[in-house]
Amino acid sequence: VELLQSSWGVRNFEERLKNDRKNLADEIVRVIHENVAFQSVTVLDDIHKRPTLLSTKVPSVVTGNHTAPNNHVLLLIDGIENESNLHLVDCGTGFPTFRTISLNFSEESPIFTDGFLEYKYIRFDGKILRMHGEGDTFKRNNPPIEGLDFFIGRWRRFYSFDPDHRPRDPHKPADDVYRTVAAGLTTFTSTSPRAVWFPRKRAVAIANNKLFVENETGELVTTHLNSDEEILKAFQEHFPQFKQDTVRRALAEWNRVSQ
């Protein structure tokens with residue numbers, strides 16, 4: 001609470017927790033996107049270190065595609081607006097989701113546009129799918145690859161999850177999710193050091209030897225980084241929270257495993 005109020009500017013936390021919970025939750029989600037980077041730098045720096053999971057009420061695991069199951073964690077929270085309402089909180093995809101998402105829709109959610117990305121959620125075959133539309137940065141295979149690609153019109157599945165999933169041990173939900181997701185970290189640690197955050201709700205990202213900066217019109221401006229030194233300089237300028245020695249070790253690990 002002190003971090004939210006003193007460092008991130010979330011005001012009147014205790015009062016709003018009683019009578020303004022939805023707007024409070026949305027603001028917390030937004031400031032997390034603005035202040036906490038989704039990144040692989042510290043994981044690559046020490047691949048044996050266990051990631052930290054926030055204490056959550058109902059964590060759920062996500063499948064991006066059939067080739068990489070259970071490789072992401074999101075939160076499902078009961079009772080933000082009323083007892084029957086279920087909301088999704090997802091701050092760790094590297095894509096903007098600047099709000100909690102009500103899952104009390106019968107077929108699909110409204111279409112949201114956050115920053116450069118248009119997205120929505122749908123119910124399909126017993127699961128909830130996050131679908132990306134305009135602004136989707138993933139390269140689309142033509143023809144689609146079975147098990148990897150799934151499209152409905154112009155919308156591409158980003159991930160899917162079972163909303164009825166519950167941890168095996170309800171007393172230690174984060175530990176249960178960690179055991180499930182840890183196996184999926186191989187895809188995360190076998191890529192180049194990457195980071196993305198959304199200061200002032202605009203994307204800044206480093207991935208695959210490229211720097212992406214979202215401009216005022218929502219366009220991602222790309223700069224190619226042609227050496228480790230250029231990558232280090234970009235991290236120093238755009239992600240000063242990472243020590244240069246940490247980034248150097250992450251780059252060295254990436255160079256080692258990519259040979």
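Colleague: What share of the 259 residues counts as buried?

Modeller: Bear in mind that this is a predicted model. The protein has 8 helices and 14 strands. Buried means under 20% relative accessible area. By that cut-off, the buried share of the 259 residues is 44%.

Colleague: Which residues of helix H7 are buried, and within what arc do they fall?

Modeller: H7 covers residues 228-238. An α-helix has 3.6 residues a turn, so residues three or four places apart point the same way. The buried residues are Ile 231, Leu 232, Ala 234, Phe 235 and His 238. They line one face of H7, because seen down the axis they fall within an arc of 160°.

Colleague: Which exposed residues sit on the face of H7 turned away from its buried side?

Modeller: Exposed means over 50% relative accessible area. On the face turned away from the buried side of H7, the exposed residues are Lys 233 and Glu 237.

Colleague: Are H7 and H8 oblique or roughly antiparallel to each other?

Modeller: H8 spans residues 244-257, and its axis comes within 10 Å of that of H7. The axes cross at roughly 140°. Roughly antiparallel needs an angle over 145 degrees. The two helices are therefore oblique.

Colleague: Which residues of H8 make the contact with H7?

Modeller: The crossing is right-handed. From H7, the contact involves Asp 228, Glu 229, Ile 231, Leu 232, Phe 235 and Gln 236. Ile 231, Leu 232 and Phe 235 are also buried. From H8 come Gln 244, Val 247, Arg 248, Leu 251 and Asn 255.

How values were computed:
Residues are numbered from 1 along each chain as its sequence is written. This is a predicted model: local features need pLDDT of at least 70, side-chain atom pairs count only at pLDDT 80 or more; totals for chains, interfaces and linings use all residues. Side-chain values use heavy atoms; hydrogens and water are left out. Helices (H or I, at least four residues) and strands (E, at least two) are DSSP runs, numbered from the N terminus. Buried means under 20% relative accessible area, exposed over 50%, partly exposed in between (1.4 Å probe, protein chains only). The arc is that of the directions from the helix axis to the C-beta atoms. Axes are lines fitted to C-alpha atoms, for helices over the stretch in contact, and angles run from 0 to 180 degrees between N-to-C directions. Angles under 35 degrees count as roughly parallel, over 145 as roughly antiparallel, 65 to 115 as roughly perpendicular and the rest as oblique. A crossing is left-handed if the near helix is turned anticlockwise from the far one by less than a right angle, and right-handed if clockwise. Contact means heavy atoms within 4.5 Å.
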